[in-house]
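Below is a brisk report on how one protein chain is put together. Look at the structure first, then read on.

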Amino acid sequence: MSYLTIALAKGRLAERTVELFERAGIDCKALKKPTRKLVLVDEDQGLKFILVKPSDVPTYVEYGAADLGIVGKDTLLEESKPLYEMLDLGFGRCRMVVAGFPRHRTRPITLANKRVATKYPNIAMNYFRAKGETIEVIKLNGSVELGPIVGLSDVIVDIVETGNTLRENGLVVLEEICDISARLVVNRVSLKMESSKINNLITRIDGVLKEEGNDRDY
Ligand code: PRP
């Protein structure tokens with residue numbers, strides 16, 4: 001039997017993804033059992049779920065190790081892989097911003113090569129390059145807000161959801177880069193080879209999104 005393989009991002013988006021799939025009539029019982037397994041097969045539905053690190057979802061889908069994937073737009077922008085982005089799922093909403101100390105709202109940093117700490121070096125580079133600014137990117141893997149606080153960087157480029165992390169660390173949004181939300185992506189060959197199965201799945205998910213109103217953040 002040929003399975004459709006779906007790469008799911010572990011973490012923040014996982015719960016919302018399961019909720020959405022179930023509304024679309026995709027049985028997710030395999031995903032709900034506590035397990036350390038990384039491949040979960042649902043024979044009845046002909047689906048195979050693989051659980052991957054969010055930043056790796058585009059790689060699995062690009063190489064066809066997964067036919068579809070659910071991943072944040074932040075990761076898609078950072079990885080810029082040749083994938084088909086089919087649906088905006090409407091959850092996992094946040095903003096990609098430049099943040100720093102409040103004093104820089106009125107006194108922008110004019111240093112050449114200002115230092116930018118971020119988990120998203122490509123997004124940061126592209127954003128500042130488009131503004132005609134050269135920067136030094138300092139790649140971090142988390143707790144990016146520490147950058148300006150400990151003097152490692154002048155500003156950060158990061159996602160803001162509730163704003164609590166910035167607030168509690170005395171930082172503010174200085175510039176908005178773009179809006180982010182979860183997306184459904186598809187491998188380019190799979191879309192041709194498995195078009196009926198994939199389109200059927202997409203139609204069902206899209207139906208739920210339209211029913212609920214795409215602006216609802218569920
Ligand atoms: C993300 C992001 C911010 C925070 C924003 O980090 O990098 O630090 O969430 O969310 P908020 O606006 O709701 O506070 P994450 O929780 O993924 O942890 P990390 O710092 O380890 O990457």
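The model is predicted.

H1 spans residues 14–23, and its buried residues are Thr17, Val18, Leu20 and Phe21. Seen down the axis of H1, they fall within an arc of 165°, so they line one face of the helix. Gly25 follows H1 and has a positive phi, near 80°.

Thr17 sits in helix H1. Is Thr17 buried or exposed? Its relative accessible area is 4%, and the cut-off for buried is under 20%, so Thr17 counts as buried.

Which residues does Thr17 touch, leaving aside its neighbours within four places in sequence? Thr17 is in contact with Leu8, Ile70 and Phe91.

## H1 against H10

Two packed helices are described by the angle between their axes and the distance between the axes. For H1 and H10, the axes come within 8 Å and cross at roughly 95°. That makes H1 roughly perpendicular to H10.

The contact involves named residues on each side. H1 contributes Leu20, Phe21 and Arg23. H10 contributes Ile205, Val208, Leu209 and Glu212.

## Strand S11, covered on both faces

S11 covers residues 182–186. Five of the five residues are buried, so the strand is largely enclosed by the rest of the structure. Ala182, Leu184 and Val186 are buried on one side. Arg183 and Val185 are buried on the other.

Strands of a sheet pair through backbone hydrogen bonds, either parallel or antiparallel. S11 pairs with S4 in the antiparallel sense, over five bridges. Here Gly69 stands opposite Val185. S11 also pairs with S5 (residues 84–88), again in the antiparallel sense, over four bridges. Leu87 has Leu184 of S11 as its bridge partner.

## The five-stranded sheet

What is the order of the strands in the open sheet? The five strands run S8-S7-S9-S6-S10, and their pairing is mixed. S8 and S10 are the edge strands, each pairing on one side only. From one strand to the next, the twist averages 25°.

S7 and S9 run parallel and are joined by three bridges. Thr118 has Val157 in S9 as its bridge partner.

## Helix H6 on the sheet

H6 lies across S6, S7, S8, S9 and S10, and runs at about 165° to S8. H6 spans residues 121–130, where Pro121, Ile123, Ala124, Tyr127 and Phe128 are buried. Down the axis of H6, these buried residues fall within an arc of 165°, so they line one face of the helix.

What do the buried residues of H6 pack against? Their partners are helix H4 (73–79) and strands S6 (94–100), S7 (114–118), S8 (135–139), S9 (155–160) and S10 (172–180). The face of H6 turned away from its buried side carries Arg129 and Ala130, which are exposed. Just after H6 comes Gly132, with a positive phi of about 80°.

## Cysteines

How many disulfides does a search of the whole structure find? The search finds zero. Cys94 is in no disulfide: the nearest cysteine sulfur belongs to Cys178 and is 8.9 Å away. A disulfide needs two cysteine sulfur atoms within 2.5 Å.

Burial is a separate matter. Cys28 has a relative accessible area of 0%, so it is buried. Cys94 is also buried, with a relative accessible area of 13%.

## A loop glycine

Where does Gly64 lie? Gly64 is in the loop between helix H3 (57–62) and S4. At 37% relative accessibility, Gly64 counts as partly exposed.

Gly64 and Arg188 are 124 residues apart along the chain. Their C-alpha atoms are separated by 8.4 Å.

Terms used: Residues are numbered from 1 along each chain as its sequence is written. This is a predicted model: local features need pLDDT of at least 70, side-chain atom pairs count only at pLDDT 80 or more; totals for chains, interfaces and linings use all residues. Side-chain values use heavy atoms; hydrogens and water are left out. Buried means under 20% relative accessible area, exposed over 50%, partly exposed in between (1.4 Å probe, protein chains only). Helices (H or I, at least four residues) and strands (E, at least two) are DSSP runs, numbered from the N terminus. The arc is that of the directions from the helix axis to the C-beta atoms. Two strands pair if DSSP finds at least two bridges between them. Contact means heavy atoms within 4.5 Å. Axes are lines fitted to C-alpha atoms, for helices over the stretch in contact, and angles run from 0 to 180 degrees between N-to-C directions. Angles under 35 degrees count as roughly parallel, over 145 as roughly antiparallel, 65 to 115 as roughly perpendicular and the rest as oblique.
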